[in-house]
Amino acid sequence: MCFLKGATVGYDTVNNKAVFVDQTLLPSQYREVSTDDYTEMFEAVKTLKVRGAPAIGVFAGICTAVLINKIETDDYYILISKLERICADFVQCRPTAVNLKWALEKMLDGGRKSTPQNLKKNLKTLALKMIEDDISVCRKIGEYGAELLADKNAILTHCNAGRLAAVKYGTALAPVYIAQEQGHSIKVYADETRPLLQGARLTAFELVNAGIDTTLICDNTASAVMAKGLVDAVLVGCDRVAKNGDAANKIGTSAVAISAKHYGIPFYVCMPFSTFDFSLNDGSQIIIEERAAEEVTDFWYKERMAPEGVHALNFAFDVTSSSLITAFITEKGIIKPTEIKNYI
């Protein structure tokens, strides 16, 4: 059984079930869900019960292994057909995050290279390896990032790219956690992140529980916080990076990057190296997920906030130009946008 205490997603190999923390219930309720039901898995990703680029990638890998191991046949062609269908369906859940596609392709490739006798076992092994690798990768991101924060006292972050967005450490908040382990306390200003309030509900929740000095701010306060000199750096996560360095992240990130550039504050994008998508020339080619208008007009409000008949545009992500990014913090080290070509 591989479900670590404090982890966001896990694999209950004893009962062959995927386990996840339902993030839609936070911060008022912490609930771990265990499932082997395809519809529940699919909806968990679609409705953001499981969210964060690294987490949904690992979760998809776990779900794939669970579903294939659940099938009561060892017929290779039936299993491969089911595997292809599962991967094709899952990749449509969240089209912007490249980690989801990466994980599913890894599972599909692993299945196709297996023999009929070991296909199920191999997929289980692959899923468990994804869990271990994600923890290791995020810790390395944290270690590299902590070096950059050695002389800094406060950072600003947008959305949630912490423990809840990965298996354990997270990406953008990993440097803060590692710095804390090393005895260096860093204050965090967290954007609330409308309309789904990932910063208010999730980032604030995990940081406060970790004993990190945290201040929640409205999204439109970020520029003022920078102008007053309250932050020394901006750390954000990422869902996909084109080979020119343009990066897609939660909506509002590009505005934060523009403000950081104006005030001369370093803007770092923290992510696994697998987030690079070298098949895309620039950010204009990144598919941007558009979500339901009700998330803007109704969600989280006691009563509908906007008048009936008004239109609502709800892009889930935006693209930050490489010209605004100081560097990418990955498990391979610190990579400046101009250095990406060295890794292609």
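I looked up the lining of the largest cavity: α2 gives the largest share, three residues. The model is predicted, so I kept local features to pLDDT of at least 70 and side-chain atom pairs to pLDDT 80 or more, with totals for chains, interfaces and linings using all residues. Residues are numbered from 1 along each chain as its sequence is written, and side-chain values use heavy atoms, without hydrogens and water.

I searched the whole structure and found two cavities of 30 Å³ or more. A cavity here is a set of points on a 1 Å grid over the protein atoms alone where a 1.4 Å probe fits but cannot get out; lining residues have an atom within 4 Å of a point. The largest cavity holds about 220 Å³ of space. Among its 22 lining residues, R51, G52, A53, N160 and D239 are the closest to its centre.

I noted about 50 Å³ for the second largest cavity. Its lining includes P195, K250, R291 and F315.

Next I checked α2 against α4. Helix α2 (residues 53–70) and helix α4 (residues 98–112) pack at about 25°, axes 7 Å apart. That makes α2 roughly parallel to α4 (angles under 35 degrees count as such). Axes are lines fitted to C-alpha atoms over the stretch in contact, with angles from 0 to 180 degrees between N-to-C directions. Helices are DSSP runs (H or I, at least four residues), numbered from the N terminus. Residues of α2 that meet α4 include A53, I56 and A60; contact means heavy atoms within 4.5 Å.

How values were computed: Helices (H or I, at least four residues) and strands (E, at least two) are DSSP runs, numbered from the N terminus. Angles under 35 degrees count as roughly parallel, over 145 as roughly antiparallel, 65 to 115 as roughly perpendicular and the rest as oblique. On a 1 Å grid over the protein atoms alone, a cavity is a set of points where a 1.4 Å probe fits but cannot get out, and a pocket is an open set with protein on both sides within 12 Å along at least five of seven lines; lining residues have an atom within 4 Å of a point. Grid points are joined across faces, edges and corners, and a volume is the space filled by probe spheres set on the points.
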